[in-house]
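Subject: Structure handover

Hello,

Here is the structure for your files. My notes on its pockets and cavities follow below it.

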Amino acid sequence: MPSADELRDFQLTRAPAGFIDDPYPWYAALRAHDPVHALEGGGVFLSRYEDCLALYRDPRASSDKKAEFGPKLGQTPLYEHHTTSLVFNDPPLHTRVRRIILGALNQKAIARMEADVVRLVDRLLAEMAERRELDFIGAFAARIPIEVIGNLLDVPRSDRGPLRSWSVAILSGLEPRLTPAMHEAGNRAVSDFLAYLRTLVAERRKNPGDYDSDVLTRLIQGEKDGERLTETELLHQCIFLLNAGHETTTNLIGNGLWLLLARPEELARLRADPVLVPSAVEEMLRYEGPIQLNNRRLSAPMELGGRTLPEGTFVTIGIGAANRDPAQFPDPERFDVARKPNRHLAFGQGDHACAGMNVARMEGRVAFARLLARFPEIELAGEPLRDRRIRFRGFSRLPIRVK
Ligand code: HEM
């Protein structure tokens with residue numbers, strides 16, 4: 001447990017040694033001793049479940065990031081992207097875009113996607129059986145979301161190659177500490193992505209797809225009788241969608257397997273009772289959530305954790321901290337594949353709650369049900385390589401052996 005002095009100095013922009021490997025002792029100490037922790041620049045970090053939930057649900061919590069990203073990113077492609085996508089906007093743009101996207105992510109649409117995911121997963125498992133030793137991220141975890149999101153926007157398969165590296169570079173622009181190299185890579189990725197999408201959108205305008213299932217066609221045509229998105233708004237929603245469901249779901253699957261391999265008794269429990277797969281996926285999301293932090297800015301003063309925060313306060317929501325709060329989750333440090341209830345915040349909450357949560361859940365469910373059924377033995381075959389970022393949590397390599 002960090003000392004009181006260490007806790008006072010805690011800053012996300014200067015993460016302490018060991019924080020990336022295991023942030024949870026820090027989160028526990030913050031929850032217990034400093035649940036509304038002051039950050040440099042006048043912001044605060046929330047670590048208690050109750051406070052995070054209250055903020056997510058409060059209309060004073062603005063998602064507009066122009067004030068934060070202006071000084072941090074300058075007038076760059078990265079700034080244009082992150083301040084135009086729906087996730088970093090308030091109504092009316094947010095409401096309009098969210099309705100268009102949600103219309104294509106209903107249960108019927110997800111059931112249609114599931115059939116494709118099952119086929120893909122079985123193909124990947126057959127490849128893994130041939131190879132026996134492999135990197136689980138590259139060979140499996142990252143391959144599923146790219147297929148799902150690529151299909152959702154109907155991006156031709158031959159064009160999907162660069163999507164993952166663009167996604168990583170663009171989302172890295174959201175890290176609390178942005179290096180010049182990350183900034184430059186992010187700008188380049190946005191510019192390259194925009195250039196690619198302009199061609200794809202021009203093509204889709206000429207040959208529209210099915211309005212009910214093709215999200216790109218929906219975004220181009222807008223809501224029936226509603227206002228259309230401008231070209232810039234349209235392109236940035238596409239980039240956001242391609243990114244949102246990509247690295248996050250890869251990390252759900254990678255983190256999930258890593259958790260199971262480190263806890264053979266929970267893995268055995270899941271193998272013995274596959275009905276537990278859906279609750280195991282929720283527990284993976286709670287215990288090692290792919291997104292650890294969200295942000296809001298207060299548009300009016302608000303009381304949180306017994307403190308009154310002034311208008312304009314920049315608040316960091318500690319999703320990973322809230323998800324281990326003993327006031328909400330009994331025995332929170334225990335990874336329990338059968339945990340119920342499990343009202344974790346891995347998908348956020350409130351008006352901006354993840355629009356693709358049921359898509360991600362379906363991917364996780366199919367991936368683990370079929371993986372465990374296909375291989376009676378799975379073990380680590382080398383040291384996992386952890387992604388060294390704070391907002392996003394996952395592995396860039398997870399070497400395994402299957403039998
Ligand atoms: C395990 C995988 C995923 C995780 C952990 C995750 C997490 C999140 C979180 C925490 C937010 C809220 C951000 C905020 O409030 O500021 C969010 C928003 C969003 N996510 Fe996901 N996500 C995942 C997968 C997906 C997938 C597969 C899709 C698309 C098919 C998707 C689409 C979106 C969209 C469109 C939003 C913006 C919603 C809005 O602003 O109204 N996500 N996601």
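Strand β5 gives the largest share of the lining of the largest pocket, 3 residues. α4 (66-73), β5 (293-298) and β8 (314-318) each supply at least two residues of that lining. Helices (H or I, at least four residues) and strands (E, at least two) are DSSP runs, numbered from the N terminus.

This is a predicted model: local features need pLDDT of at least 70, side-chain atom pairs count only at pLDDT 80 or more, and totals for chains, interfaces and linings use all residues. Residues are numbered from 1 along each chain as its sequence is written, and side-chain values use heavy atoms, with hydrogens and water left out.

The largest pocket holds about 390 Å³ of space. Its lining has 21 residues, and T13, L39, E40, E68 and F314 are the closest to its centre. By class, the lining splits into 6 nonpolar, 9 polar and 6 charged residues.

The terms work as follows. On a 1 Å grid over the protein atoms alone, a cavity is a set of points where a 1.4 Å probe fits but cannot get out. A pocket is an open set with protein on both sides within 12 Å along at least five of seven lines. Lining residues have an atom within 4 Å of a point. Points are joined across faces, edges and corners, and a volume is the space filled by probe spheres set on them. Ala, Val, Leu, Ile, Met, Phe, Trp, Tyr, Cys and Pro count as nonpolar; Asp, Glu, Lys and Arg as charged; the others, Gly among them, as polar.

Now the cavities. There are 2 of 30 Å³ or more.

Beyond its neighbours within four places in sequence, L380 is in contact (heavy atoms within 4.5 Å) with L261, L398, P399, I400 and R401.

Best wishes
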